[in-house]
There are 2 protein chains.
Amino acid sequence: MISNEVKQRLISIVGLENYDDSKAGRLVYSYDATPQFQSLPDAVIAPRNTKEVSEIVKICNEHRIPIVPRGSGTNLCAGTCPTEGGLVLIFKHMNNILEIDEENLTVTVQPGVITLDLIKAVEAKGLFYPPDPSSMKISTIGGSINENSGGLRGLKYGVTRDYVMALEVVLANGDIIRTGGKLAKDVAGYDLTRLFVGSEGTLGIITEATLKLIPMPETKKTMLALYQDLEAAARSVSQIIANKIIPTTLEFLDQPTLEVVEAYAQIGLPTDVKAVLLIEQDGPSEVVERDIKKMEEICKKEQAVSVKVAQSEAEADALRTARRSALSALARLKPTTILEDATVPRSEIAKMVKAINEVAEKYNVKICTFGHAGDGNLHPTCPTDARDREEIERVEKAFEEIFAKAIELGGTITGEHGVGIMKAPYLEWKLGREGIAAMKAIKNALDPNNIMNPGKVFAKSTRKRVVITR
Amino acid sequence: MISNEVKQRLISIVGLENYDDSKAGRLVYSYDATPQFQSLPDAVIAPRNTKEVSEIVKICNEHRIPIVPRGSGTNLCAGTCPTEGGLVLIFKHMNNILEIDEENLTVTVQPGVITLDLIKAVEAKGLFYPPDPSSMKISTIGGSINENSGGLRGLKYGVTRDYVMALEVVLANGDIIRTGGKLAKDVAGYDLTRLFVGSEGTLGIITEATLKLIPMPETKKTMLALYQDLEAAARSVSQIIANKIIPTTLEFLDQPTLEVVEAYAQIGLPTDVKAVLLIEQDGPSEVVERDIKKMEEICKKEQAVSVKVAQSEAEADALRTARRSALSALARLKPTTILEDATVPRSEIAKMVKAINEVAEKYNVKICTFGHAGDGNLHPTCPTDARDREEIERVEKAFEEIFAKAIELGGTITGEHGVGIMKAPYLEWKLGREGIAAMKAIKNALDPNNIMNPGKVFAKSTRKRVVITR
């Protein structure tokens with residue numbers, strides 16, 4: 001698909017060492033963290049700066065070559081699987097923290113910076129970047145922005161979108177634009193910044209970002225509430241909010257997840273209860289103490305069988321780490337792990353968990369559920385085996401029903417994982433024909449030749465997952 | 001411009017009593033709060049529901065009739081002046097609070113609800129809607145969303161955009177779409193919600209919105225710091241943030257503004273100092289006490305000549321009201337008041353205020369400056385007389401230089417007032433040719449016949465304000 005002439009032009013931009021069309025090199029970038037999707041790119045390219053990105057894009061636009069920008073490929077929607085071939089564009093040279101501005105509380109980064117490195121760098125200056133996707137140890141900030149990553153601190157602090165103040169973006173025609181600024185307020189034209197956040201690389205290539213920081217919370221406390229009744233756990237979530245407390249974290253794990261996580265992490269998590277809530281609050285110590293005490297009371301009143309406040313930061317950290325390892329722990333069970341993120345209004349959590357369990361029973365599949373209860377953002381996860389086509393078909397049907405139920409409850413098909421290819425067939429359920437048409441019009445306006453991560457977000461057909469091998 | 005046949009079709013949708021093409025009716029809607037802009041619409045229409053809006057839009061799209069959606073017309077960018085005629089669409093029938101959802105912390109409203117009414121309604125339930133534009137007593141929430149209104153609480157709580165969770169929008173083709181939901185996390189497709197926020201009615205007509213609420217802060221304290229030196233005031237702002245305190249409000253008023261405000265409000269404001277900072281903090285009482293004390297120390301250290309904490313809510317309210325009345329007070333001075341909102345990164349406030357004063361001197365015009373110092377969002381305001389063409393020309397030149405300086409300092413031409421017609425000629429300074437082209441492509445994709453508030457945001461020519469009389 002890439003002619004020798006085009007290849008030579010691309011090499012002349014980035015240098016021979018930054019263009020790889022070897023079979024081995026292409027294989028490495030033929031898949032991401034999403035099971036069941038694999039497709040070879042034509043080449044992998046590593047630009048060294050924005051100008052090179054722009055030059056690459058211009059050539060791709062001229063020759064209709066797909067470009068898939070990719071961070072660490074940790075997304076779970078096949079968003080970086082190069083299903084239509086073309087170039088996978090990686091940011092190994094564009095991975096610097098450019099500036100931490102303590103006066104304006106911003107950090108300016110290149111897309112290849114690892115999210116946790118960014119978090120640690122700003123924490124060293126007493127500043128806080130709240131979005132904390134579970135993948136943060138390896139995922140890049142560019143990926144986070146393209147996917148609008150969430151995380152465990154979303155309830156109180158919001159998601160990646162809420163921290164992106166300015167972007168440098170290379171458009172499909174090669175134009176380099178800058179959106180926003182180090183500005184608390186800016187209404188000069190449409191909000192392109194937030195249009196690019198979460199656009200999954202389909203509208204342009206993000207080459208620089210300025211992110212908002214906040215002062216580091218002074219203290220933090222962690223507690224664990226155990227339940228023999230799912231509904232009691234869900235009621236506790238509602239009651240905490242109804243009592244006007246917004247904790248940093250309000251995580252839910254069901255019994256099957258607990259068992260697997262404990263087997264993996266071995267930190268003494270109870271495995272004989274139906275559900276746990278992992279709750280954290282941060283802020284000034286007086287407020288944290290008061291909120292934790294109040295939440296303890298609420299959980300007990302709502303029939304928690306036990307409530308335990310972590311006695312040390314080490315204990316709290318073990319709990320957090322256990323929660324963060326849920327996906328890895330579940331992934332040990334079977335060859336294939338399908339993790340979803342159906343999301344509902346917070347008030348509908350109990351109904352949603354109940355529906356997930358009924359669906360799992362109906363299709364005779366194992367589904368472990370955990371997730372961000374305070375956000376209504378659940379991760380029903382199915383350990384399965386992609387080689388067992390019969391079971392996979394049941395799994396697909398089960399998830400289809402789960403998505404339908406989420407929509408029915410006023411929810412969405414994806415809270416934080418993105419649409420990619422994986423969820424594209426269901427997008428119309430959430431947006432309607434008219435909503436999709438509006439989004440497609442925007443895509444077409446900014447990328448008329450459809451070179452920017454083609455095949456993502458918008459499905460070729462609806463109501464069926466598309467499993468592609470190329 | 002509207003034929004009799006089209007008029008009859010429009011009347012058949014909304015009823016005779018909701019269609020007004022009388023000279024008097026049209027005159028009332030020929031201008032908004034922006035000086036120097038006036039233009040007659042062909043008719044004023046008041047739909048009763050979303051379906052009627054959709055039917056109206058379809059007819060307008062068919063006949064290329066401009067539609068200007070309008071709340072209370074308090075915007076300061078001529079954003080609702082019907083410069084190309086057509087229909088002014090008003091929401092006097094669509095002005096209900098539809099639901100306050102205490103479990104999910106949301107409020108769902110129609111566009112015609114007055115912002116302060118919404119704030120009071122949710123406060124009665126112990127909930128808080130932070131955006132508080134100075135116009136909130138009369139401005140509508142629909143207008144707030146279209147303009148992405150800011151206000152005095154922006155530093156800590158953000159702007160309108162940060163509170164819009166879901167929208168119902170009628171597109172130019174008459175399609176009715178719903179974006180977002182009562183969802184803390186939702187990445188199903190592009191972020192259309194925030195694309196419509198601040199789009200000034202140029203992309204579609206917002207017919208319903210679900211807004212995020214937060215728990216009402218427990219307490220609030222207000223203080224006033226006086227300075228004989230502008231730079232000392234600016235340094236105090238920087239030092240407060242550098243000390244990791246984010247107050248709710250950090251307002252700046254210069255001496256000329258103080259004088260005028262005191263003459264109007266008569267609450268004993270000092271008029272013999274060069275600048276004051278009005279500072280508020282809210283939250284749990286322990287934290288508020290601590291922050292106020294710390295800020296007092298910082299202001300004193302930075303050479304405030306006096307720092308006074310309001311001793312009662314009545315005293316605090318008088319200070320807030322005085323600040324909110326700045327525009328009204330200034331408007332008494334001269335027949336015409338031009339208020340701008342050049343915005344810079346917080347660190348550049350001192351430079352910007354200095355530049356404004358130099359520019360005022362250079363062009364021999366009076367400019368009073370006040371604004372949201374914590375946001376870097378300043379309101380240089382010029383009392384003038386539109387009939388004095390010679391002076392107006394100097395005023396325009398002065399503001400042109402002020403915008404240029406804001407851009408030079410990494411700022412923007414408008415922080416919270418919008419582009420409209422007023423700022424359209426300068427938009428390219430902020431966005432560049434490429435940025436404008438990207439925005440125009442989106443506008444054209446969603447509104448190919450340019451019926452949605454045409455003539456706004458994008459200027460026909462750049463670098464000159466366009467004063468239009470029709």
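In chain B, strand β8 (residues 164–170) is joined to β9(B) by 5 bridges, and the two strands run antiparallel. One of the residues involved is B:Leu167, whose bridge partner in β9(B) is B:Thr179. The model is a predicted one.

These two strands belong to an open sheet of 5 strands in chain B. The order is β5-β6-β10-β8-β9, and the pairing is antiparallel. β5 (97–101) and β9 (176–180) of chain B stand at the edges. Each has a single partner strand, so one side of each is left without a neighbour in the sheet. Neighbouring strands are turned against each other by 10° on average, direction ignored. A helix also packs on this sheet: α3 (residues 50–63) of chain B. Helix α3 touches β8, β9 and β10 (205–212) of chain B. The direction of α3 makes about 50° with that of β8(B).

Two helix pairs were examined in chain A. In one, helix α13 (residues 349–362) packs against helix α14 (residues 389–408) at an angle of about 155°. Their axes lie 9 Å apart. Angles over 145 degrees count as roughly antiparallel, and α13(A) and α14(A) are therefore roughly antiparallel to each other. Their crossing is right-handed. On the α13(A) side, the contact involves A:Met352, A:Ala355, A:Ile356, A:Val359 and A:Lys362. These meet A:Ala398, A:Glu401, A:Ile402, A:Lys405 and A:Ala406 in α14(A). By class, the residues of this contact are 7 nonpolar and 3 charged, with no polar ones.

The other pair in chain A consists of helix α8 (residues 230–242) and helix α10 (residues 285–301). Here the packing angle is about 140°, and the axes are 9 Å apart. That angle makes α8(A) oblique to α10(A). The crossing of α8(A) and α10(A) is right-handed. From α8(A), the contact draws on A:Ser236, A:Gln239 and A:Ile240. From α10(A), A:Met295, A:Ile298 and A:Cys299 take part. The contact of α8(A) with α10(A) comprises 4 nonpolar and 2 polar residues, and no charged ones.

The relation between the chains was also computed. Chain A is superposed on chain B by a rotation of 180°, with 0.0 Å of shift along the rotation axis. The RMSD is 0.0 Å. The two copies are thus related as by a two-fold rotation axis. Both copies use the same surface: 100% of the contact residues of chain A recur in chain B.

Notes
Residues are numbered from 1 along each chain as its sequence is written. Chains are lettered from A and ligands numbered from 1 in the order in which they are written. This is a predicted model: local features need pLDDT of at least 70, side-chain atom pairs count only at pLDDT 80 or more; totals for chains, interfaces and linings use all residues. Side-chain values use heavy atoms; hydrogens and water are left out. Axes are lines fitted to C-alpha atoms, for helices over the stretch in contact, and angles run from 0 to 180 degrees between N-to-C directions. Helices (H or I, at least four residues) and strands (E, at least two) are DSSP runs, numbered from the N terminus. Angles under 35 degrees count as roughly parallel, over 145 as roughly antiparallel, 65 to 115 as roughly perpendicular and the rest as oblique. A crossing is left-handed if the near helix is turned anticlockwise from the far one by less than a right angle, and right-handed if clockwise. Contact means heavy atoms within 4.5 Å. Ala, Val, Leu, Ile, Met, Phe, Trp, Tyr, Cys and Pro count as nonpolar, Asp, Glu, Lys and Arg as charged, and the others, Gly among them, as polar. Copies are superposed by least squares on the C-alpha atoms of residues with pLDDT of at least 70 in both. Two strands pair if DSSP finds at least two bridges between them.
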